[in-house]
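Trainee: I have a model open and want to learn how to read it. Can we go feature by feature?

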Amino acid sequence: MRLLIIRHGESEADLLDVHEGRADFALTAKGHQQAEALARFVKERYILSAIYASPLQRAVQTACHLSEIAGVTVTTDDRLMEFNNGLIAGMNRQEALKKYPPVKDLPVHAAVYEQESRLHFRCRAEEVLSEIISNSGEDETVAVVSHGGTINQLYSAYLRLPIDCGTVFLTGDTGIHEWLIRDGKRIIVGSNSLAHLSSEN
């Protein structure tokens, strides 16, 4: 099977310099344009059998552009939401730094400021990825529209990396990560493709 792991387009929070996370901001006009370009790019190259998305606005709106062009219904799943950043959601970054400073060496099971733990974040990524893979046929192509932090957790789950490995996978607005599962092997075909945003597409 083929997985297209996709980040949402530019959101209003990107322009406000605030912590987004669970703060539910919509796409900007540019974000909608990015999502439209993404949808056209995917339509030209793949036949989708399913689209899964985080229920947060920025992800759903991106997925809806893909749904309209591909003709596939979007299924939302709470487990694809961004990291639950608790009290700092929607807060100005400088203000959050003063009021809720980072806590170093926090165990993976622990959390502060009404956030979720790194362990819980990883566990829900493991669970939803396992279900998507199990429910998809070997010849199917499935799109998953989510968030930067969650995509990192999905990568770690897919590659079976340790929870505290510290590896970071960068993802731009509407960046596409293409994964292929074949003969029991988990293959990375492409990472953070932004070709659809170039002037040539």
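Trainee: Is Ala195 buried or exposed, or in between?

Mentor: Buried means under 20% relative accessible area, exposed means over 50%, and partly exposed lies in between (1.4 Å probe, protein chains only). Ala195 has 34% relative accessibility, so it counts as partly exposed. Its place is in the segment after S6. Helices (H or I, at least four residues) and strands (E, at least two) are DSSP runs, numbered from the N terminus.

Trainee: What should I know about the model itself?

Mentor: It is predicted: local features need pLDDT of at least 70, side-chain atom pairs count only at pLDDT 80 or more, and totals for chains, interfaces and linings use all residues. Residues are numbered from 1 along each chain as its sequence is written, and side-chain values use heavy atoms, with hydrogens and water left out.

Trainee: How many bridges join S5 to S6?

Mentor: Six, and the two strands run antiparallel. Glu178 stands opposite Gly190 in S6. Trp179 faces Ile188 in that strand. The S5–S6 hairpin has two residues between its strands, and Asp183 there takes a positive phi near 55°.

Trainee: How many bridges join S1 to S5?

Mentor: Five, again with the strands antiparallel. Arg2 has Leu180 in S5 as its bridge partner.

Trainee: Which other residues have a positive phi without being glycine?

Mentor: Asp17 is one of them, with phi near 55°. It lies in the loop between helix H1 (12–16) and H2, and with a relative accessible area of 42% it is partly exposed. Asn192 also has phi near 55°. That residue lies in strand S6 and is partly exposed at 23% relative accessibility.

Trainee: Why does the length of H2 agree with its residue count?

Mentor: The expected span of a helix is 1.5 Å times one less than its number of residues. H2 (residues 29–45) has 17 residues, so it should span 24 Å; its end C-alpha atoms are 25 Å apart, which agrees. For H3, with 14 residues, the reach from first to last C-alpha is 20 Å, close to the 20 Å expected. Gly71 follows H3, with a positive phi near 70°.

Trainee: Which residues of H2 are buried?

Mentor: Gly31, Gln34, Ala35, Ala37, Leu38, Ala39, Phe41 and Val42. Their cover includes strand S1 (2–7), helix H3 (57–70) and strand S5 (176–182). In H3, the buried residues are Arg58, Ala59, Thr62, Ala63, His65, Leu66 and Ser67. These pack against S1, H2, S2, S3 and S4.

Trainee: At what angle do H2 and H3 pack?

Mentor: Axes are lines fitted to C-alpha atoms, for helices over the stretch in contact, and angles run from 0 to 180 degrees between N-to-C directions. H2 and H3 pack at about 40°, with their axes 8 Å apart. Contact means heavy atoms within 4.5 Å. The residues of H2 that meet H3 include His32, Ala35, Leu38 and Val42, and those on the H3 side include Gln61, His65 and Ile69.

Trainee: Which residues does Val74 touch?

Mentor: Val74 lies in strand S3. Leaving aside its neighbours within four places in sequence, Val74 is in contact with Ile51, Ala53, Ala63, Cys64 and Ser67. The C-alpha atoms of Val74 and Asn135 are separated by 15 Å, the two residues being 61 apart along the chain.

Terms used. Pairing = 2+ DSSP bridges.
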